[in-house]
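Here is a short briefing on one protein model. Keep the sequence and the 3D view open as you read.

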Amino acid sequence: MAQKRFTDAAAALEGVLFDGMTICAGGFGLCGIPERLIDAIEASGVRDLTIASNNAGIDGQGLGKLLRSRQVRKMISSYVGENKEFERQYLSGELEVEFCPQGTLAERVRAGGAGIPGFYTKTGVGTQVAEGKEVKVFDGQEYILELGIRADLSIIKGWKADEAGNLLFRKTARNFNHPMATAGKICVAEVEEIVPVGTLDPDAIHLPGIYVNRMIMGGPYDKKIEFRTVRERATA
């Protein structure tokens, strides 16, 4: 079994990064994002990145760090509403954006990881999403062709893994991490805990180790909250 565990994020990404590459990044908002790997990508100075991710974090957090440092050329995303720098760069023409309905994005990544070059969907028919895309009719209904997404690198965040890379996600942090992991030529995972092989119940594994090429233990983590909503204490 090849050694998959690396000392830190920079070591795990050594020899993998290059200008103009495509990266699939797991996470949803700030939930389940590969924080240490994002920091290492920022520190590397690699540029002209195309990143497929549900969103781009928020200003100065998550993938927002790579927008701030101007390392991203194009985002393939579903939701961008909480990132003012994303908005500014897009509206000023500094950032290329390919908007994709959330379910379609998930399926495009899953398809890419499964070796499926494309598929037809009704989502987006008759909207700007369909512009420039092939349309076919099935049973009298129009469907548009969406292409699978493949990446040079996948970066994901897990909860627990064994030394072979078999991995568990924690609750909603599972989000986009699983499909993103399968779509990259190389997958690098950061996890909160690494245990010996045989410790994890095989029936509980979310992502088989065959998909994970390298991994690091990234903890401890500080829980970051996108929105903090409070109310006045109720009085009798």
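Predicted model: local features only at pLDDT ≥ 70, side-chain atom pairs only at ≥ 80, totals over all residues.

**Sheet, loop and pocket**

A161 stands opposite I194 in β12.

- Strand β9 covers residues 160-162.
- β9 and β12 pair in the parallel sense, over three bridges.
- The open sheet has three strands, in the order β10-β9-β12.
- Its pairing is mixed.
- β10 (167-168) and β12 (193-195) are the edge strands, and each pairs on one side only.
- In general, strands of a sheet pair through backbone hydrogen bonds, either parallel or antiparallel.

**The loop residue N83**
- N83 sits in the loop between β3 (72-77) and α4 (84-91).
- Is N83 buried or exposed?
- N83 is buried, because its relative accessible area is 2%, and the cut-off for buried is under 20%.
- A polar atom of the N83 side chain lies 3.2 Å from the backbone nitrogen of E85.
- Leaving aside neighbours within four places in sequence, N83 is in contact with A56, G57, I58, D59, G64 and L67.

**The largest pocket**
- The largest pocket has a volume of about 350 Å³.
- Its lining is made of 17 residues.
- Of these, C31, G32, K157, E192 and K223 are the closest to the pocket centre.
- Which kinds of residue form the lining of the largest pocket?
- The lining divides into eight charged, six nonpolar and three polar residues.

Technical notes:
Residues numbered from 1 in each chain as written. Heavy atoms only, no water. Pairing = 2+ DSSP bridges. Helix = DSSP H or I, 4+ residues; strand = E, 2+ residues; numbered from the N terminus. Buried < 20%, exposed > 50% of the residue type's maximum accessible area, 1.4 Å probe, protein only. Polar contact = N/O pair within 3.5 Å; in protein donor to acceptor, adjacent residues only side chain to side chain. Contact = heavy atoms within 4.5 Å. 1 Å grid on protein atoms, 1.4 Å probe; cavity = no way out; pocket = protein on both sides within 12 Å on 5 of 7 lines; lining within 4 Å. Points joined across faces, edges and corners; volume = space filled by probe spheres on them. Nonpolar A, V, L, I, M, F, W, Y, C, P; charged D, E, K, R; others polar.
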